[in-house]
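This report describes selected local features of one protein chain. The sequence and structure are shown first, and the description follows.

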Amino acid sequence: MRLGMIGVGAMGQAIARRLLEKPPWDDLQLYLCDLDISKADRYHDYPNVYFNTDISALTGCDLIILAVKPQGAIPVLQELAKLAVPAIISIVAGITLEELVKFSNTAAIRVMPNTPSLIGEGISVLTYSADVSAYQKEQAKTIFMTLGEVVELEEKFFSVVTALSGAGPAYVYLMIEALIDAACAHGLSRDVAKQLVVSTFIGSAKLVEQSQLHPAILKDQVTSPGGVTISALHVMEQRGLRGILWDAVSQGVAKANDLK
Ligand SMILES: NC(=O)c1ccc[n+]([C@@H]2O[C@H](COP(=O)([O-])OP(=O)(O)OC[C@H]3O[C@@H](n4cnc5c(N)ncnc54)[C@H](OP(=O)(O)O)[C@@H]3O)[C@@H](O)[C@H]2O)c1
C-alpha cells in the first residue's frame with residue numbers, strides 16, 4: 001500500500017503516527033509531503049517513510065490524504081490533478097466532494113475526523129464521491145479505524161458533523177476546565193479536581209454507551225429528591241445550559257455552511 005499525505009501538521013501528524021504505530025497493511029509505504037523539511041526528522045527511524053517538499057514525489061501512490069488548511073487546499077488539488085492518482089482523501093473542512101473532484105479530477109473521499117484521533121479515540125465521518133470503488137472505501141475506512149471509530153454518512157450531514165464531533169472536543173474541554181475551576185474555588189487542588197472531573201466525563205460517557213439507557217434515565221438515577229444533584233441541575237436549567245448548547249451547535253452549523 002503506497003499512501004501519500006500532503007500537509008503534516010496537527011492532524012496529518014496524528015494520522016501518520018497512528019498508521020506507523022499500528023500499520024493496517026504489512027507493506028505500508030508512507031509518502032509525506034510538507035513545506036517544512038525539518039518535519040522529516042520525526043520519521044528518520046521509519047524505513048517505510050519518504051518525506052518530500054514537492055508534491056510530484058507522491059506520483060504512483062494508491063491514495064493521497066490531503067491535510068492542509070482550507071485556504072491552501074485548492075492549488076494543492078490542482079497540483080494533484082497532474083499526478084493522476086486513483087483517489088484522494090480530504091480532511092479539509094468546508095471543501096465539498098464536488099470541489100474535490102472538480103479540482104483534482106479524481107475520485108474523492110471526504111472525512112471529518114476529530115482531535116482525540118491523536119490517541120486513537122477519535123471519531124471520523126466519511127462520505128464518498130460517486131466514482132469511489134468499494135475497495136477504495138475499505139482502504140479509507142481501514143486508515144481511519146486506526147484513529148478510532150468510523151461512521152459513513154451522506155455529505156448533506158457534514159455541516160452538523162463538523163459542528164458536533166469535529167468541533168465537539170473544544171466544548172468538552174471548556175466544560176472540563178470550568179468544572180475544575182469551580183472545584184478549585186471550594187479548596188480542592190487542581191490535580192485532584194482534574195482527576196475527578198476527567199474520570200466523571202469518561203465514566204459517564206461509557207455508561208451512556210454501554211447501558212443503552214436514555215441519558216435522561218441515567219440522569220434521574222443520580223438525582224434523588226431534594227438532594228445535591230437536583231439543586232445543581234436547577235441552576236443549569238435556570239441559566240439555560242440546554243439552550244446554550246443547542247444554539248452553539250446551530251451557530252457552528254451555520255458557520256460550516258458559510259465555509260462551503
Ligand atoms: N485540527 C482539527 O481539529 C481538525 C479536525 C478535522 C479536520 N481538520 C482539518 O485538517 C486540516 C489540517 O488541519 P491542521 O490543524 O492539521 O493544520 P496545520 O497544523 O496547519 O497543518 C497543515 C500543514 O500543511 C502544510 N502545508 C500547507 N500547504 C502545503 C502545501 N502546498 N504542500 C505541502 N504542505 C503544505 C503546512 O505547512 P506550513 O505550516 O509550513 O504552512 C502544515 O504543516 C484542515 O483543513 C482542517 O480543516 C482539522
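## Contacts of Arg-42

Two residues are in contact here when heavy atoms of theirs lie within 4.5 Å. The model is a predicted one. Leaving aside residues up to four places away in sequence, Arg-42 touches Val-8 and Gln-13.

Arg-42 belongs to the loop that joins β2 and β3. Its relative accessible area is 44%. Since buried means under 20% and exposed means over 50%, with partly exposed in between, Arg-42 is therefore partly exposed. Pro-116 is 74 residues apart from Arg-42 along the chain, and 21 Å separates the C-alpha atoms of the two.

## Helix α1 and its surroundings

Helix α1 covers residues 10-21, which is 12 residues. From its first C-alpha to its last it reaches 17 Å, close to the 16 Å expected at 1.5 Å a residue.

The buried residues of α1 are Gly-12, Ala-14, Ile-15, Ala-16, Arg-18, Leu-19 and Leu-20. Among the elements that cover these buried residues are the strands β1 (2-6), β2 (29-33), β3 (49-52) and β4 (63-66). Helix α4 (134-145) is also included in the cover.

## Packing of α6 and α7

Two packed helices are described by the angle between their axes and the distance between the axes. For helix α6 (residues 168-185) and helix α7 (residues 190-211), the angle is about 135° and the axes are 9 Å apart. This angle makes α6 oblique to α7. The crossing in which α6 passes α7 is right-handed.

On the α6 side, the contact is formed by Val-172, Met-175, Ile-176, Leu-179, Ile-180, Asp-181, Ala-183 and Cys-184. These residues meet Arg-190, Ala-193, Lys-194, Val-197, Val-198 and Phe-201 of α7. Sorted by class, the contact of α6 with α7 has 11 nonpolar residues, three charged residues and no polar ones.

## Positive phi outside glycine

Asn-105 is not a glycine, yet its phi is positive, at about 55°. Asn-105 sits in the loop between α3 (97-104) and β6 (107-112). With a relative accessible area of 64%, Asn-105 is exposed.

Gln-212, a residue other than glycine, has a positive phi near 65°. The loop between α7 and α8 (215-222) holds Gln-212. Is Gln-212 buried or exposed? Its relative accessible area is 69%, so Gln-212 is exposed.

Note on methods:
Residues are numbered from 1 along each chain as its sequence is written. This is a predicted model: local features need pLDDT of at least 70, side-chain atom pairs count only at pLDDT 80 or more; totals for chains, interfaces and linings use all residues. Side-chain values use heavy atoms; hydrogens and water are left out. Axes are lines fitted to C-alpha atoms, for helices over the stretch in contact, and angles run from 0 to 180 degrees between N-to-C directions. Helices (H or I, at least four residues) and strands (E, at least two) are DSSP runs, numbered from the N terminus. Angles under 35 degrees count as roughly parallel, over 145 as roughly antiparallel, 65 to 115 as roughly perpendicular and the rest as oblique. A crossing is left-handed if the near helix is turned anticlockwise from the far one by less than a right angle, and right-handed if clockwise. Ala, Val, Leu, Ile, Met, Phe, Trp, Tyr, Cys and Pro count as nonpolar, Asp, Glu, Lys and Arg as charged, and the others, Gly among them, as polar. The expected span of a helix is 1.5 Å times one less than its number of residues. Buried means under 20% relative accessible area, exposed over 50%, partly exposed in between (1.4 Å probe, protein chains only).
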